[in-house]
Amino acid sequence: SGLLIVTNFLRVSVVGNQVCRPGAQTSKTVIDPIPPEHLCHRPAESDFELYDLRKPLDKAAPVARDEVFSKALWETHFDADGRVLRVKELQDRIFGGGCAPDLRIEVWPFLLGVYPWDTTIEERAIIMQEKHREYDVLKNQWESISPVQLKRFSLYRDRAALVEKDVLRTDRALDFYKGENNTHVDDLYEMLMTYCQYNFDLGYVQGMSDLLSPLYLLFRDKVMAFWAFVGYLDLVESHFFLDQQRIQGKLADLSSLVYYCDSELYNHLEKEDSSNFFFCFRWLLINFKREFREKDVLELWEVLWTCPYHTDYTLFIATAILLQERGPIIQNKMCFADILRYINDLSQRLNLHEVLGNAESLFHNIRSQPDIPFNIRNNILHIADTPHSSLGSQHNAQPLVMSPDHVTSPDHVTSLDHVTSPDHVTSPDHVTSPDHVTQPDHVTQPDDGTPREEDHRDPASLLVENMSNMSMEPA
């Protein structure tokens, strides 16, 4: 299955005040919101808002992570029959501090909908018996396809070939999947083919193996991992639709947030034909699975599943990372290829707790602003009591299109394999943090000495050329 990328991204707006997480014990300093005089408000008779940030926005202190949700706390949330009590409180605790690693195998089936929260111990045992039976039925259906049927079933052949290709390069650097003839790799193939049988319409799309792999590594049980994967795909299924409207919308929303938070960064990206944010595609498609270390990915996913805010929290995590890395990008005058490589080189280097603290601080800053931009208020924060409520019918209205000519994407992207940058772009490893920024000319000249300006390919084509392996290859 191919994936479409995007066309003509629209942008507008975000940043502000520090407040505590609901229920937090420690006090936080609240920074004054952006004064109204620093914003140009909606022009009369206009559908769009323009913003002129005349001074840098203050950065609030990160929100500190809470204590880990422990097994002892978990056991206080059950009644005598095994039903989970005070679910909202439990979810807030997990959002604030994550689960203890040895507790995930018990908690995740609830978070991912394998078990309803209000089931008893006996009811969960019955549910799992039925899950085993249904899994076997689905697996037997695709395993029993005859050679004669297979000859006339091109869709099945194509999906099976793609699944086989992807599982052979998914997390093979991990001991659990390492080596030739690894049965765990075979198990991934079995579960993904079974999902194709479970969900005929969606089938398999590149990137799904990245979501299944950590689940199987955690549960070490095919049936439980499969149904947890089903629950996870129910949450992010729209990421994998061929029209890619969901991912397009998320990239447009990310563009709006960065524009509002940091107009200098946004203006640099636009100048370098990078304001389409294609370089963040992998982040949003598979929920940052490649960007953090294995144990950190599990905690990050828990945060996303238990987020108490009515928003797509991945947008604030992505914005927080970009704001952290703004220094090297701007000071080294990175072009699209440089940015793409730099972003991919951040993989496994990011500090999760720093990112989460900055993301939550950013959310509260934005949420507390006195005049939140229309599209951020309505389309990202989903605040009902908007001062622009008379424009409620424009919930899906797009923000201002700025110089769209350079952000058109190809009509069809048939491979999202390995998101790496062009080989001729020198590595920006020496500029991995704002504290160590080299001179711009160190990253603007390719190895072959050809000036950057002579590469006339459009950014979308350059990205497509280099998105060549959605699965992590062995280190």
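Which helices cover the buried residues of α3? I began my entries with this point and recorded the conventions before answering.

**Conventions.** I worked on a predicted model, in which local features need pLDDT of at least 70 and side-chain atom pairs count only at pLDDT 80 or more, while totals for chains, interfaces and linings use all residues. Residues are numbered from 1 along each chain as its sequence is written, and side-chain values use heavy atoms, with hydrogens and water left out.

**Helix α3.** The cover of its buried residues includes α1, α2, α4 (121-143), α8 (208-219), α9 and α13. I took contact to mean heavy atoms within 4.5 Å. Buried stands for under 20% relative accessible area, exposed for over 50%, and partly exposed for what lies in between (1.4 Å probe, protein chains only). Helices (H or I, at least four residues) and strands (E, at least two) are DSSP runs, numbered from the N terminus. The buried residues of α3 are Arg 104, Val 107, Trp 108, Pro 109, Phe 110 and Leu 111. Because 6 of its 8 residues are buried, α3 is largely enclosed by the rest of the structure. Just after α3 I noted Gly 113, with a positive phi of about 80 degrees.

**Helix α2.** I then turned to α2 (residues 87-97), where Leu 90, Ile 94, Phe 95, Gly 96 and Gly 97 are buried. Those residues pack against α1 (71-75), α3 (104-111), α13 (294-306), α14 (313-324) and α17 (352-367). Gly 98 follows α2 and has a positive phi, near 80 degrees.

**The chain as a whole.** I recorded 20 helices and 2 strands for the protein chain. Of its 475 residues, 55% are buried. Among contacts with a separation of 6 or more, 78% join residues 24 or more positions apart. The accessible surface is about 20800 Å², and carbon and sulfur atoms hold 51% of that surface; such areas come from the Shrake-Rupley method with a 1.4 Å probe, and for residues only the protein chains shown count as cover.

**Two single residues.** I looked up Val 236 in helix α9 (residues 222-236). Val 236 counts as buried because its relative accessibility is 7%. Its C-alpha atom is 8.5 Å from that of Leu 285, 49 residues apart along the chain. Leaving out residues up to four places away in sequence, Val 236 touches Leu 211 and Asn 287.

Ser 213 is in helix α8, and at 1% relative accessibility Ser 213 is buried.

**Cysteines.** How many disulfides does the whole structure hold? My search found 0, a disulfide being a pair of cysteine sulfur atoms within 2.5 Å. Cys 99 is buried at 4% relative accessibility, and Cys 261 is buried with a relative accessible area of 10%.

**Largest cavity.** Which residues line the largest cavity? I listed Phe 153, Leu 155, Tyr 156, Arg 159, Met 193, Cys 196, Gln 197 and Phe 200. The elements giving two or more residues to this lining are α6 (154-167) and α7 (183-198). A cavity here is a set of points, on a 1 Å grid over the protein atoms alone, where a 1.4 Å probe fits but cannot get out; lining residues have an atom within 4 Å of a point.

Key:
1 Å grid on protein atoms, 1.4 Å probe; cavity = no way out; pocket = protein on both sides within 12 Å on 5 of 7 lines; lining within 4 Å.
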